[in-house]
Amino acid sequence: MIDIWQEIYSTIKRNKLRTFLTGFAVAWGIFMLIVLLGAGNGLIHAFEESSSERALNSIKIYPGWTSKSYDGLKEGRKIQLDNKDLRITDTHFPDYVIKAGASIWQGTVTISFGSEYASVGLAGVFPNHIEIETIKLFKGRFINETDIKERRKVIVLHKKTAEILFHKTHTEPIGQFVNIGNVTYRVVGLCNDKGDSGEKPALIPFSTLQTIYNQGDKLSCLTIATKNLETIEANNNFEKEYRKALGANHRFDPTDNSALWIWNQFTNYLQQQKGMAILRTGIWVIGIFTLLSGIVGVSNIMLITVKERTREFGIRKALGARPGSILWLIIVESVIITTLFGYIGMVAGIGVTEWMNAAFGNQVMDTGGWTTTVFLNPTVDIKIAIQATLTLIIAGTLAGLFPARKAVSIRPIEALRAD
């Protein structure tokens, strides 16, 4: 084995420039593969982070405008969701709906505590609001079913709103009473979010807001927690039936997608997962083809080496060397060149991904109403390193296979003809 290593070292030493240039192509190929995988992971990690903030089995329904005439009514009507839609959602689909909820937006109000005040949005919500939205309970409790039934005057404040109202007096917010106009609410909880840049709304029970602010039976949005909908097809069928049920209530064409805007977290997730899979495949294809140029170079250099050592291989065979030993020598040399320079490229690529992580590892985008993570942790894990290593070994073996077979086919008499 030591003899093989000495021969390989001697061959590389005799052709330093040629070996370096060929190895550089391999290093560049694996470098680009690692950098592309890292950048792809940055996008994928950001998507997964965003998806984890909301329940995957959630659907939100917003009112829209009809785009088709139906039942004697013209197109262009505004659809207004109401409490009947909430009852239909909660009772007509027992096989698919775990719990239906709703929210209603009142607009900007002024909340005061003593001499401190803050202007924030006010929304009436159901208990499932915290499961569907990105907000997290920071302290205290959230709106519960009893609050809804009894129309309690309780409120959940955003953490930053509470800091404005209570920080100067060093007062514990939970249990305190705040005023919105002439109405007093007891603070029962504080919530936090993940990077929202828009308004930090105060939340009160849905039924309380409808009653106090004379909203009648109108609502702004329906929220649904679903079950038994595990495929895109099942979700699409449910949405069709749902449009039909609400279409009967508001007299719009069930096929008019403009009448209702349905935001289905699960189907969005599956579609984005498919997109991420295509992205991963595309990155590997680009990286492999880039690496392929280096592999072709390694194969060429090994062919030149075999040609230069024709006399040597012929003499070896004349002295009784087995074809397997010559085959092994060429393949090992090819694998060593490929793996050595490949690891240099891999280390450089990992270094660049670590730099990307330090410089751009948590990029967010402001959408106007909130911020969303678009690039997160663009690094590669040990699994990718192992895959890249196996790719290098396989590539090196393939690069050396044809030259090795050519070396094995050399006959002893060719050694006499070699210059």
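**Two helices that cross**

Axes are lines fitted to C-alpha atoms, for helices over the stretch in contact, and the angles between their N-to-C directions run from 0 to 180 degrees. In this predicted model, local features need pLDDT of at least 70, side-chain atom pairs count only at pLDDT 80 or more, and totals for chains, interfaces and linings use all residues. Residues are numbered from 1 along each chain as its sequence is written, and side-chain values use heavy atoms, with hydrogens and water left out.

The axes of helix H8 (residues 232-250) and H9 come within 10 Å and cross at roughly 145°, where helices (H or I, at least four residues) and strands (E, at least two) are DSSP runs numbered from the N terminus. In contact here, meaning with heavy atoms within 4.5 Å, are Ile232, Asn235 and Glu239 of H8 and Phe266, Thr267, Leu270 and Gln271 of H9.

Helix H9 covers residues 265-308, and its 44 residues reach 64 Å from the first C-alpha to the last, close to the 64 Å expected when 1.5 Å is multiplied by one less than the number of residues.

Although glutamate 230 and phenylalanine 266 are 36 residues apart in sequence, their C-alpha atoms are 8.3 Å apart in space. Leaving out residues up to four places away in sequence, glutamate 230 touches Asn235 and Phe266.
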